[in-house]
Amino acid sequence: MSEVIGRFRFMNEQRVNLDGFATPDANLGLIAFDSPHDPQPSLTLHNGVVIEMDGKTSDDFDTIDQFIALHGLDLAIAEEAMAIDSLRFARDLVDMNVSRASLVRLAAGMTPAKLAQVLSQLNAAELVIAMTKMRARSTPSNQAHVTNRSDDPLLLAADAATAAAFGFREIETTVPVLGDAPSNAVAVSIGAAVGSPGMLVQCSVEEATELALGMRGLVSYAETVSLYGTEQIFVDGDDTPWSKAFLTSAYASRGIKMRVTSGGGSEALMGGSEKCSMFYLEARCVSLARAMGAQGVQNGGIDAASVAGSVPGGVRSLMAENVMVMLRNLEACTGNDALMSESEVRRTSRTHPIFIAGSDFICSGFGSIQRYDNMFGPSNWNSEDIDDFLAMQRDWGVDAGLRTATERDVAALRRRATEAVTAVYSWLGLGDFSSEWAEQAIDAAGSKDVPDADLMLPLSASRTIVDTDVTMLDVIAALAENGFDIEAERCLDMLKARVQGDYLQTAAIFDESMNVLSLITDPNTYAGPGTGYRPSPERQEVIDTIRQQQSVSDIRAEQHSYATHNIVATGTAHISHDPRDVVIGVSPATGKDIWRTLSGLSVAEVLHEFMAGLEEEGCIGRIVRINDTVDLGMIGLTAARMSGSGISIGLQAKGTALIHRRDLAPLANLELYSVAPSLNRELYRQMGINAGRHAKGATPEPMRNPYSDEAIEARYHTKVVGLVAIERDCSSDTAPETMEVR
Amino acid sequence: MPQGFSGKDSNEVSVDAIRKGEVTIDDVRIHPDTLEHQATVAGEHGNAQLAANFRRAAELTRMTDEYVLSLYDALRPGRSTHDTLLEYARDLEAAGAPLNAELFRQAASAYQRRGLTAQ
């Protein structure tokens, strides 16, 4: 059964075709922008009260409309704002001569449908500019998920410290087992304090439980306060705009930072879209978030990102949601958390514009742990991708919140984090950890590497935390009593920050010196090239200096470690007249500074293969170092002119090789191995054989260069540049020398 | 450094004092005056709603965690009758929390119209 042609069978097998793609269907809410059922923007005021909004009179308002009408609009400017042409306002969003402040002021008077109409006008490139200009905080940041399958406190703490080391400023944890929440909050808070001062920590669980954890000081912010764009789904979530507004104030009343969560596609996913577009429903959520007085919003699809991703324009709508939050003068935690595609290309494409533009938090949950350990579900970015992300920052010169960490530093932090948790849990009677468990957690790349974890410990620890009313004060005392003074101070600083309240303001984070960076203290001032956030020279160096980068001296040192000194010069080489003589011309660094080829063979092994191949053909190989050129063609030609047969093999010590003849132009050759990293002994032997056949006047079957679908050039070009530089350093006027392999 | 809810100056709250058991959670809880200050700052930075939230929060600082959690629960859909919500509003008014009282009155009206009151 093969009605599908091979080309399509092959295409169907690609991973992107595991993704679901939906035919747009407004009746199911499967439409990104502009459902025919979306209302046109409108607003009617009477005696300072909203009596009509977005096509509905106040009698028909649902609770979302009503809350927005009562609290969400700046009525003093609403009429002016609603009268502005949406396209003109959209253009102002990307006009660097129009200030953020003036746009924010007018947007405060716009209804949900108006905001949706404005932002649906921006194309992808314009969204990048608008995000760059409109985000609240100047300095971009990023948030990590730190969770694991077993709620292992040691691993949570080690991974929290690791996340801090890689530059994340917020950590969100959650539980596979609800009862484990208090233990997770304590373990992550301790680990975060080991990693850095000023780390914000939350434990995402059911709303009332999460608030209770916050009241005990065990977490420092909250995020999972969900909003929905239709009343039915809102109520299904067991809340109303009033209960959520109250919750918002409850967090602030304990000095705890809080943002709400929404995101396009969730209503469609739950079958309650009321035939409206994802973007319009999200506009209602964003308007409601502002109306409630939340300082920020996590949106951009979130759990339903793949629903948005399944329809045309859906990924663009996710970014437009984020920009809408910024336009409403709120903190934007810009999604990029739930994995929205099986395709590496699509998931990168989904994030990349936001990554370039910068936001308050690029990811509202970068899985800093492995995919399988992410109890929110795999993220769009995971610990598998940290090095990719760091390389992308370096490629674009972009600060997306992360930084390189050394293995040594991370190892030390992980050890200290497990020691701190062990001490605190023991001191507070929460549980005891075996040393095997601790060693496994320090080394672990994920919870599968910690077989000794006791799954019951987090549960019993949590019960004790609740029953004995453990607060952050007890944790601080336990840290101090056990010699973790720095961590005790850092945890105390986070409590004091609540007393101060500055981090309740929009888009607040702490830097590593405990300075609050927010809309108030670090406002975005972007107004075109040369303005706004630019990494400082120090920060840029951190971004640029990833641990994998190699200099020529690193490559030289690596070659030195391979030095065997078994290739030696024995005197000046002569010209031969023996027709069996084939000269193997080698590059200047051979026997001096380069000992291993790019394929991992030693240079001596390669020379042995050439000699053996020539011998098979009854020829005599003679190794001559050509000292005055690094160019392989010239090495080969010079060697051919010294060769009795007129045939030579040329070899650069990095492994590139050719067969040359004395009457050819320098850049011509008989045969060439250009892909040095892919060569093996058999291929070099074959080159020796073919050179011998050429010497005898035969026409051998040409050798085939090995071919691979790997990014060989990406892997080796840096080394090639370094090795050529070493060759150049070794070159001199010294006459060709006879060499011997011992 | 502002003072905590208890009135204690933040500078007096140290790790050492915590070890000695001289610090209570109220010493590291935000003071209503601080929230009032943050409300002023939010209002000056173009966010009247955030300011209003901080002012509602200032009223809640004086209430116990349990009471705050019970107020939240009362506002969840289908938990309270119209009259219960108005009773809460009266209690809040009497407790010096007029902003939260207003929130409850609004909720009572909206819930009744939308069928979200307890039956």
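This is a predicted model: local features need pLDDT of at least 70, side-chain atom pairs count only at pLDDT 80 or more; totals for chains, interfaces and linings use all residues.
The buried residues of helix 5 of chain B are covered by elements that include helix 4, residues 65-75, and helix 6, residues 98-114, of chain B. The residues in question are L85(B), Y88(B), A89(B) and L92(B). Seen down the axis of helix 5 of chain B, these buried residues fall within an arc of 105°, so they line one face of the helix. On the face turned away from that buried side, helix 5 of chain B carries the exposed residues D83(B), R90(B) and A94(B).

As to its dimensions, helix 5 of chain B runs from residue 82 to residue 94, which is 13 residues. From first C-alpha to last it reaches 19 Å, close to the 18 Å expected at 1.5 Å a residue. After the helix comes G96(B), with a positive phi near 75°.

I turn now to the interface between the two chains. In chain B, 55 residues are in contact with 65 residues of chain A. Together the two chains bury about 5,000 Å², and 60% of that area is on carbon and sulfur atoms. There are 30 residue pairs in polar contact between chain B and chain A, counting pairs with both residues at pLDDT 80 or more. Which helices of chain B supply at least two residues each to the side that touches chain A? They are helix 1 (15-19), helix 2 (32-44), helix 3 (48-60), helix 4 and helix 6. Helix 6 of chain B gives the most to that side, with nine residues.

Seven salt bridges are counted between chain B and chain A. In one salt bridge, E231(A) pairs with R114(B), and the closest N and O atoms are 3.0 Å apart.

From the chain A side, consider Q66(A), which lies in helix 2 of chain A, residues 63-72. Is Q66(A) buried or exposed? Its relative accessibility is 14%, and it therefore counts as buried, the cut-off being under 20%. Leaving aside residues up to four places away in sequence, Q66(A) touches F61(A) and W242(A), and also A110(B) and R113(B).

The last topic is salt bridges in general. Side chains of opposite charge can pair when their charged atoms come close. Over all chains, the structure holds 54 salt bridges.

Within chain A, E344(A) and R347(A) meet in a salt bridge at 2.4 Å, N to O. Both residues lie in helix 17 of chain A, residues 344-357, three residues apart, about one turn of the helix. R347(A) counts as buried, with a relative accessibility of 5%. A further salt bridge joins R580(A) to D578(A), with the closest N and O atoms 3.6 Å apart. Here R580(A) is partly exposed at 44% relative accessibility, and D578(A) is partly exposed at 26%.

Within chain B, K8(B) forms a salt bridge with D27(B), where the closest N and O atoms are 3.6 Å apart. K8(B) lies in the segment before helix 1 of chain B and D27(B) in the loop between helix 1 and helix 2, so the pair ties together parts that are 19 residues apart in sequence. K8(B) counts as partly exposed at 22% relative accessibility, whereas D27(B) is buried at 5%.

Finally, salt bridges that share partners join E206(A), E207(A), D238(A), D239(A), K244(A), D73(B), R76(B) and R79(B) into one network.

Key. Residues are numbered from 1 along each chain as its sequence is written. Chains are lettered from A and ligands numbered from 1 in the order in which they are written. Side-chain values use heavy atoms; hydrogens and water are left out. Helices (H or I, at least four residues) and strands (E, at least two) are DSSP runs, numbered from the N terminus. The expected span of a helix is 1.5 Å times one less than its number of residues. Buried means under 20% relative accessible area, exposed over 50%, partly exposed in between (1.4 Å probe, protein chains only). The arc is that of the directions from the helix axis to the C-beta atoms. Contact means heavy atoms within 4.5 Å. Buried area is the accessible area (1.4 Å probe) that two parts lose on being put together, summed over both. A salt bridge is a side-chain nitrogen of Lys or Arg within 4 Å of a carboxyl oxygen of Asp or Glu. A polar contact is a pair of N or O atoms within 3.5 Å; within protein, one must be able to donate a hydrogen and the other to accept it, and residues adjacent in sequence count only if both atoms are side-chain atoms.
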